[in-house]
Amino acid sequence: PPTGMLANLHAAVSNFDQNILEMCSREQEFKTILFCLCYFHACVAERRKFGPQGWNRSYPFNTGDLVISVNVLYNYLEANTKVPWEDLRFLFGEIMYGGHITDDWDRRLCRTYLEEFMHPNMLEGELVLTPGFVAPPNLDYIGYHKYIDEMLPPESPLLYGLHSNAEIEFLSVMSENLFRTLVEMQPRDSSIGEGSAQTTEEKVKNILDDILEKLPEEFNMSEIMAKTAERNPYILVCFQECERMNILTRETRKSLKELDLGLRGELTVSEEMEALQSALYHDNVPELWSRLAYPSSYGLAQWFNDVLMRCRELDAWTHDLGLPAVVWLSGFFNPQSFLTAIMQSMARKNEWPLDKMCLTVDITKKNKEDYGHPPREGAYIHGLFLEGAKWDIPNGIIAEAHLKELASSMPVIFVRATPADREELKNIYQCPVYKTKIRGPTYVWTFNLKTRVKPAKWIISGVALLLSV
């Protein structure tokens with residue numbers, strides 16, 4: 001299939017000949033909307049290459065969607081005296097293209113593209129499809145192809161409404177995958193590197209010993225639970241997190257000890273042990289562990305350091321079971337449970353109905369070190385990153401990201417619960433929060449962030465908050 005906006009746009013326009021362009025009695029409107037549909041099709045199809053920042057999930061958009069949409073456009077223009085914008089956007093965004101889409105955030109993106117590319121003003125003035133490229137005037141079939149060749153800016157993420165950093169991310173992921181594949185193709189029975197006498201088994205044994213040495217002891221749950229008789233939502237979250245961590249560390253220790261015996265020849269090496277050995281060798285997180293852990297895109301070394309940091313954080317919390325001054329939200333197996341605990345504790349305190357409440361976030365101008373105790377209501381959280389944009393701390397709004405800064409660190413966020421009817425909805429961008437860059441299935445919550453520009457800009461830019469990068 002063609003790659004890049006130029007090739008995709010030419011391919012989209014090539015589905016229609018001069019006869020189709022002239023078949024509608026309302027030629028001007030038909031041609032203008034048809035070209036915008038072709039640009040929209042090229043955007044949604046090529047946006048897939050940017051991974052989760054393009055679409056949360058991959059969808060099989062195809063030429064058939066475009067052709068049927070143009071047939072629908074023709075029928076609706078012939079049957080109505082006025083252009084039925086709402087109807088057309090609904091048919092294209094929710095049925096023709098939306099029929100493929102299974103993720104609510106992707107549905108919002110598709111709908112926003114159509115709102116930007118298809119509206120009544122496009123027939124009266126110039127419609128800017130992307131900076132430097134306006135929708136063409138009334139041309140013939142060859143004229144459209146010529147216009148695309150002459151006027152379309154060079155290939156860049158800006159053509160799709162994304163920030164230039166999206167290309168860096170996409171190329172980095174491609175390079176990492178390429179090198180990982182090359183490493184996995186290397187013969188494993190040979191010595192590692194020139195002049196090195198270390199074998200595969202020796203390397204695995206060193207990693208295994210290092211992990212076992214650093215792995216903390218399990219939390220003594222009966223001892224922790226005996227520290228207080230109180231069972232408020234925050235304390236219950238702490239207990240649940242400690243239990244989850246115990247399950248993970250228990251399995252890690254058990255599987256590593258079994259592999260150690262297997263490498264010494266004291267135990268028959270099973271299929272699971274072989275998979276564990278291979279993962280340790282390639283610096284991957286073994287599937288056996290990741291099943292019991294949390295979503296993560298880290299390699300083994302970084303992942304294990306992350307586990308140790310989470311253990312230290314939980315250890316500090318279990319000393320007196322008091323809510324930490326600033327909570328590391330990224331350190332939870334289940335961050336939703338902590339955010340729900342904020343709502344539950346405030347609902348009990350103020351006697352509000354839980355099902356009619358929502359979370360509000362205030363982005364502070366301070367860092368974790370600036371706080372010595374938790375707030376009277378709600379909680380301070382840290383450890384979030386903004387991808388696709390940056391947070392303008394002095395003005396307290398979302399702003400254009402700096403070049404080469406793929407994800408900017410957020411200051412401390414004050415989270416509290418309020419009744420849903422008091423929620424501030426003016427000048428805000430509903431920003432999804434995900435656990436990792438994989439996005440999609442790692443969705444956590446929605447935080448309302450303040451913005452001075454139209455939210456559509458950030459929706460099309462794929463702006464999201466991430467708990468780890």
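This is a predicted model: local features need pLDDT of at least 70, side-chain atom pairs count only at pLDDT 80 or more; totals for chains, interfaces and linings use all residues.

Colleague: How many salt bridges does the structure hold?

Modeller: Side chains of opposite charge can pair when their charged atoms come close. The criterion is a side-chain nitrogen of Lys or Arg within 4 Å of a carboxyl oxygen of Asp or Glu. The structure holds 24 such salt bridges. One of them joins R26 and E29, at 3.3 Å from N to O. Some form a network that links K205, D209, D260, R264 and E266.

Colleague: Which residue forms a salt bridge with E116?

Modeller: The partner is K454, with the closest N and O atoms 3.1 Å apart. E116 lies in helix α6 (residues 104–117) and K454 in the loop between β12 and α16 (455–460), so the pair ties together parts that are 338 residues apart in sequence. Helices (H or I, at least four residues) and strands (E, at least two) are DSSP runs, numbered from the N terminus.

Colleague: Is K454 buried or exposed?

Modeller: Buried means under 20% relative accessible area, exposed over 50%, and partly exposed in between (1.4 Å probe, protein chains only). K454 counts as exposed at 53%, E116 is partly exposed at 29%, and R26 is buried at 15%.

Colleague: In what order do the five strands of the open sheet lie?

Modeller: Two strands pair if DSSP finds at least two bridges between them. The order here is β9-β6-β13-β11-β12, with mixed pairing. Strand β6 (residues 385–387) pairs with β9 in the antiparallel sense over three bridges, and F385 stands opposite S409 in β9.

Colleague: Which residues make the nonpolar surface patch?

Modeller: Patch residues have over 30% relative accessible area and no salt bridge; like charges are joined within 9 Å, nonpolar side chains (Val, Leu, Ile, Met, Phe, Trp, Tyr) within 5 Å. Accessible areas come from the Shrake-Rupley method with a 1.4 Å probe; for residues, only the protein chains shown count as cover. L178, F179, L182 and M185 make a patch of about 440 Å². M185 belongs to helix α8 (residues 165–185) and counts as exposed at 61% relative accessibility.

Note on methods: Residues are numbered from 1 along each chain as its sequence is written. Side-chain values use heavy atoms; hydrogens and water are left out.
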